[in-house]
Amino acid sequence: MNSDNLAQIDNPYKDVIAEIAFVTPEMATEMLSRNYENNRQIIKSNLLDISRMMKNNQFVLSPDALLFDTDKVLLNGQHRITSIVETGLGQWFVVLRNVSHDVGNIVDTGKSKTMSDRINFRGVDMTRKECSIIRHALCDISSPTVGTMQYSKPYQDEFVKEQFLKFRDYFRFVESHNFTGVAFSPFFLATGLKIYAEMRYKQEKGDCFLHNMGAFERAQHWIEITTIGAPETNIYNPTCDGAANRAYNAKKDKRDLNPGAGFWNDCPSLRKSVNAAHKFMLGEPVIRNLIAITNDPFMSLVKLPATCPKYIAANSETK
């Protein structure tokens, strides 16, 4: 299309004003007084998340603009504007004025970025499955939710990214052994990380385990048994390895009893995985039924030292 043709096109947005503006609490109060009458209800959890980000200086300029129609009615951005009023902290925004009122019908229809998308955008290569694994490993199992629910908000991205980088050698190990397909449960891979990280810490302190395996070796043994019911790399020892077999059978039984719905992805399944994994790490058997525990017997992953050599080297240089 040449410049003459372009000149003949009527620009439907010629009256729209676009700017980057600093919105003060006083300005935010005025904007809210002109909020669209039928705007969606405030979601308190979203409001708390945004307010937390503002208080922690984590709120940054977003391409998701504040929208005002020709009558200065606020069409998009009520949660962010309300957070400014509640925190008393002004923020920078992209602002579009004089937009069509009908634009309110199409905002927020795009697919939201996942946590792994956001972390990748920051320059850290992380698959969605790896993002699930690290969050399940960090999960507080006393809560009735799994790790991907407990860690899903943008303000938690930096924390999850940091924990992932601390143990990135484990994720490279998982990748190099092709433990990444759909057959490999994120819960069993997450508890494999818990086994690896705690064994590394304890063995470096001089502790010994009944099975006499190294940390990577034991984690691999766990993943193989819980996935296919038998090890491929090492010999199965009923005395020390029975907990993994119990976890494998619990997953299989759940699937068989609930065809099409018996997925190993809920809170009780994660709790059983943690229970079996800890006994497996110690080389102890599951004496009775494999129960869904609520007190995590593992050491907190956050408190354990990093195992990734690259992370350790980078952080020792900054200290």
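Reply: Buried means under 20% relative accessible area, exposed over 50%, and partly exposed in between (1.4 Å probe, protein chains only). The model is predicted: local features need pLDDT of at least 70, side-chain atom pairs count only at pLDDT 80 or more, and totals for chains, interfaces and linings use all residues. Residues are numbered from 1 along each chain as its sequence is written, and side-chain values use heavy atoms, leaving out hydrogens and water.

Start with Asp296. At 28% relative accessibility, Asp296 is partly exposed. Asp296 forms a salt bridge (Lys or Arg side-chain nitrogen within 4 Å of an Asp or Glu carboxyl oxygen) with Lys194, and the closest N and O atoms are 2.9 Å apart. Asp296 sits in the loop between H13 and helix H14 (309-318), while Lys194 belongs to helix H10, so the bridge ties together parts 102 residues apart in sequence. Lys194 is buried, with a relative accessible area of 6%.

Now take Ile134. Beyond its neighbours within four places in sequence, Ile134 is in contact (heavy atoms within 4.5 Å) with Val160, Gln163, Phe164, Phe171, Leu193 and Leu301. Val160, Gln163 and Phe164 are among the buried residues of H8. H8 (residues 157-166) is mostly covered, with seven of its 10 residues buried. Asp157, Lys161 and Lys166 are also on the buried list of H8.

Ile223 gives a view from H11 (residues 215-228). Its relative accessible area is 0%, so Ile223 is buried. Again setting aside neighbours within four places, Ile223 is in contact with Tyr170, Phe179, Phe184, Phe188 and Leu189. In contrast, Ile223 and Glu37 are 54 Å apart, C-alpha to C-alpha, and 186 residues apart in sequence.

Back to charges. The structure holds 19 salt bridges. One of them joins Arg80 and Asp64, with the closest N and O atoms 3.4 Å apart. Arg80 is buried at 11% relative accessible area; Asp64 is partly exposed at 34%.

Methods
Helix = DSSP H or I, 4+ residues; strand = E, 2+ residues; numbered from the N terminus.
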